[in-house]
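Have the chain open in your viewer and let's walk through it together.

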Amino acid sequence: MDLTGGEGAEALVSANAIAHAVFVDGAFCPQLSDTSRLPAGAYVGGLGGLGLEQQQEVLGTVAGHARGENTLGVRDDSREGALGGGAFWALNGAAMVDVACVLLDEDVSLPSESPVHITFVTTGAATSAPAASAAHPRLVVDAKAGAGLTLVTSHIDAPGDASACAALSNAVAHITVAERAQVEHSVVVERAPSAHHVETIDAAVHAGGQYLFTTLQSPAALSRVNVGVDLLGRGAHTRARGLALSGA
């Protein structure tokens with residue numbers, strides 16, 4: 001699958017993004033990404049671009065959530081858990097191949113009009129049977145105290161790849177908003193009408209922090225985004241809104 005040139009590559013990112021990172025079937029694709037305009041103290045990319053200490057911190061976050069330390073409050077054997085809780089969470093942890101990392105040091109604030117854009121592409125190439133294939137993207141966002149970020153995460157099929165249409169994208173995101181930090185996060189799911197998308201987002205917002213969440217989902221065979229937010233101090237704030245489009 002060639003995604004490295006032409007209109008297909010241009011369609012993967014926002015024109016005004018300060019940085020964009022593309023992950024194909026969960027793995028970072030540096031040839032389609034551009035993070036050169038990020039200031040010091042900001043990192044966007046895959047796990048492999050981090051130093052050992054930061055890798056351990058990110059993997060510690062992932063491992064902690066694998067032990068069930070999340071805010072969703074659903075039992076694995078419940079209807080809600082079956083659709084977006086423990087089972088899909090555990091499957092992502094077992095099958096993920098990389099971690100999309102958005103890390104901001106203390107008081108690093110990116111322009112609100114210039115988002116960080118992360119695009120997760122599902123190709124349907126994980127198995128020889130497209131209907132059974134799946135991608136398992138994992139995202140970790142860590143905004144330290146006083147940091148600011150506008151983040152767009154998109155889930156799409158590979159341009160012109162019909163084999164991706166029925167594939168499952170099973171995404172998990174961990175969002176940490178420290179004291180006085182703000183993260184405005186938009187999730188856009190634009191997959192084929194026959195596609196299946198399940199996403200679990202777990203956010204922790206500390207004192208004076210803000211997590212503002214918006215989701216837009218196009219018609220699909222299954223498209224579900226589960227959001228859990230833990231408000232951990234005085235003045236911690238969240239807002240969630242969404243629009244799901246239905247097929248004819």
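Where is the place of Asp-25? Asp-25 sits in the loop between β1 (19–24) and β2 (27–28). Strands here are DSSP runs of E with at least two residues, helices are runs of H or I with at least four residues, and both are numbered from the N terminus.

Before going further, some ground rules: this is a predicted model, in which local features need pLDDT of at least 70 and side-chain atom pairs count only at pLDDT 80 or more, while totals for chains, interfaces and linings use all residues. Residues are numbered from 1 along each chain as its sequence is written, and side-chain values use heavy atoms, with hydrogens and water left out.

Most residues other than glycine have a negative phi. Asp-25 has a positive one, near 50°. Asp-25 is partly exposed, with a relative accessible area of 22%; buried means under 20%, exposed over 50%, and partly exposed in between (1.4 Å probe, protein chains only). Another aspartate, Asp-107, also has a positive phi, near 65°, and its place is the loop between β4 and β5 (116–122).

That brings us to β4 itself. Strand β3 (residues 42–45) and strand β4 (residues 100–104) pair in the antiparallel sense over four bridges, where pairing takes at least two DSSP bridges between two strands. Look for Val-44, whose bridge partner in β4 is Val-102. Both faces of β3 are covered: Ala-42 and Val-44 are buried on one side, Tyr-43 and Gly-45 on the other.

Now find strand β9 (residues 168–177). Nine of its 10 residues are buried, so β9 is largely enclosed by the rest of the structure. Which strands run parallel to β9? Strand β6 (residues 134–135) joins β9 through two bridges, with Ala-135 opposite Ser-169. Strand β7 (residues 138–143) is joined to β9 by six bridges, and there Val-140 stands opposite His-174. Strand β11 (residues 196–205) is joined to β9 by 10 bridges, one place to look being Asn-170 with its partner Val-198 in β11.

Zooming out, the chain has four helices and 14 strands. Of its 248 residues, 49% count as buried. Taking contacts (heavy atoms within 4.5 Å) between residues at least 6 apart in sequence, 82% join residues at least 24 apart. The accessible surface, from the Shrake-Rupley method with a 1.4 Å probe, comes to about 10900 Å², and 52% of that belongs to carbon and sulfur atoms.
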